[in-house]
Amino acid sequence: MVIFTKRKTDRRTLYTLRVIKDTFLKLINQKNYSKITVSELCREAEITRSTFYLHYNTITDVLNDVLDDALQLSKNTDSISASKINFSFDYLKQNESMIPACQRIGDSDKYQKLLMDPDLSEYIIGRIMAHERDHVIPSIMKETGLSKEDAETIFLYIIHGSFAVNRAHYFIKDQKWSHDVELLNRFTEAGYHELKK
């Protein structure tokens with residue numbers, strides 16, 4: 001009998017992956033995603049192309065890894081009804097888990113330029129939706145009594161809307177952002193309440 005064990009990732013590999021991802025984010029701060037090449041990333045990271053290809057096949061693979069890291073910011077958060085949230089600015093700033101993933105990710109300076117890249121909006125929204133779907137859709141169903149298919153439509157609307165509003169604020173959480181989030185949460189909660197009737 002053959003027993004397969006999960007291979008440990010050594011410190012050198014973890015370091016190399018971190019260097020590649022950090023360099024990718026550095027380049028995103030300088031130019032749009034579509035302009036970044038493997039050659040440029042390797043030059044900036046001071047690694048060889050063979051080292052890059054040992055860990056990734058494409059720049060998109062690096063993007064996916066970076067987005068997965070960003071989405072870990074919102075891992076294991078509970079979906080909470082907007083009616084249970086105190087909408088004050090300070091409360092929202094201190095309780096990131098109660099707002100959509102794009103808002104939580106955008107709180108990190110590290111990811112703001114990535115989220116603002118015009119070439120990536122739909123792609124990032126798709127990744128956020130894939131990450132959030134399993135816990136948000138059941139929550140919507142519970143709050144509204146809607147079918148899974150209808151809850152999916154509401155979910156699509158919420159994620160796209162949240163991303164658009166946060167993008168309009170350049171993912172900066174100030175008093176205007178707080179006002180807009182409060183307004184949208186009240187709107188969503190009223191919609192949930194109306195649908196549940």
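These legends accompany views of one protein chain in a predicted model.

**View 1. The protein chain is built from helices, with zero strands.** The chain has ten helices. Read from the N terminus, its elements run α-α-α-α-α-α-α-α-α-α. Of the contacts with a separation of 6 or more, 67% join residues 24 or more positions apart.

**View 2. Surface and interior of the protein chain.** The chain has 197 residues, and 42% of these are buried. Its accessible surface comes to about 11,800 Å². Carbon and sulfur atoms account for 53% of that surface.

**View 3. F52 and Y56 are one of four aromatic pairs in the structure.** The ring centres of F52 and Y56 lie 5.9 Å apart, and the ring planes meet at 40°. Planes under 30 degrees apart count as stacked and those over 60 as edge-to-face, with the rest called tilted, so the pair F52 and Y56 is tilted. F52 has 0% relative accessibility and therefore counts as buried. Y56 counts as buried too, at 5% relative accessibility. Together with Y53, the residues F52 and Y56 form one aromatic cluster.

**View 4. F163 and F171 form an edge-to-face pair.** Here the ring centres of F163 and F171 are 5.6 Å apart. Their planes stand at 65°, so the pair is edge-to-face. The relative accessible area of F163 is 3%, and F163 is buried. F171 is also buried, with a relative accessible area of 2%. Both values fall under the 20% cut-off for a buried residue.

Terms used
Residues numbered from 1 in each chain as written. Predicted model: local features only at pLDDT ≥ 70, side-chain atom pairs only at ≥ 80, totals over all residues. Heavy atoms only, no water. Helix = DSSP H or I, 4+ residues; strand = E, 2+ residues; numbered from the N terminus. Buried < 20%, exposed > 50% of the residue type's maximum accessible area, 1.4 Å probe, protein only. Contact = heavy atoms within 4.5 Å. Areas by Shrake-Rupley, 256 points an atom, 1.4 Å probe, with all protein chains shown as cover. Phe/Tyr/Trp six-rings, centres within 6.5 Å; stacked < 30°, edge-to-face > 60°.
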